[in-house]
Amino acid sequence: MNATCFFTELKHSDICLIAKEIGYTYHIISGEDSWDKIKLSNDKGDFLINSLHVRKPGSELSRLILATHNYVKYKDVDNEIKIMKIIENCVMAVGFVFDNRYEGIYLDLVFELMSDFNCVVFDGEDFYYNEK
């Protein structure tokens, strides 16, 4: 079970503070300024948050933005204009990787973590616009 969030602005400290508020401990798996992974844990289990940043044209995030843009363009998506605006101005994408223990609740957890941000959440099938 995976979900990807697209942001126009986000810092790793934002996710860490929110995770702590809702009862998760966190471990940053790479540098403080430009994190690639954060592991969140609680008594239910743990999961990874991976990030992609705009580093240069043609980067992995640039390709993800282009592919997602094309997907939205050719699929009937609610809130298409708002979703396209965030995707086109995306500076970071965050991927959530969950194991089976989170089946049925993983999107609720993503929205709980992302509730303070304008972002687009994609679960592999549908797009959700989260407006703070």
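With which residue do the side chains of Asp46 meet in a salt bridge, and what is the distance from N to O?

Mentor: Some remarks on the source come before the details. This is a predicted model, in which local features need pLDDT of at least 70 and side-chain atom pairs count only at pLDDT 80 or more, while totals for chains, interfaces and linings use all residues. Residues are numbered from 1 along each chain as its sequence is written, and side-chain values use heavy atoms, with hydrogens and water left out.

The partner of Asp46 is Lys39, and their side chains meet in a salt bridge at 3.9 Å, N to O. A salt bridge here is a side-chain nitrogen of Lys or Arg within 4 Å of a carboxyl oxygen of Asp or Glu. Side chains of opposite charge can pair when their charged atoms come close. Asp46 is partly exposed, at a relative accessible area of 30%, and Lys39 is likewise partly exposed, at 34%. On this scale, buried means under 20% relative accessible area, exposed over 50%, and partly exposed in between (1.4 Å probe, protein chains only).

A search of the whole structure finds two salt bridges. One of them joins Asp99 to Arg101, with the closest N and O atoms 2.3 Å apart. Asp99 is partly exposed, with a relative accessible area of 28%, whereas Arg101 counts as exposed at 51%. Phe98 lies in the loop between strand E5 (92-97) and helix H4 (106-114); helices (H or I, at least four residues) and strands (E, at least two) are DSSP runs, numbered from the N terminus. Phe98 is buried, with a relative accessible area of 6%.

Asp76, Asp78, Glu80, Glu125 and Asp126 form a negative surface patch. Such a patch is made of residues with over 30% relative accessible area and no salt bridge, like charges being joined within 9 Å; Asp and Glu count as negative, and the place of a charge is taken as CG of Asp or CD of Glu. Glu80, one of the patch residues, is partly exposed at 31% and belongs to helix H3 (residues 80-88).

Within H3, Ile83, Met84, Ile86 and Ile87 are buried. Seen down the axis of H3, its buried residues fall within an arc of 165°, so they line one face of the helix; the arc is that of the directions from the helix axis to the C-beta atoms. The face of H3 turned away from this buried side carries the exposed residues Ile81 and Lys85.

Key
Patch = residues over 30% accessible without salt bridge, like charges linked within 9 Å, V, L, I, M, F, W, Y side chains within 5 Å. Areas by Shrake-Rupley, 256 points an atom, 1.4 Å probe, with all protein chains shown as cover.
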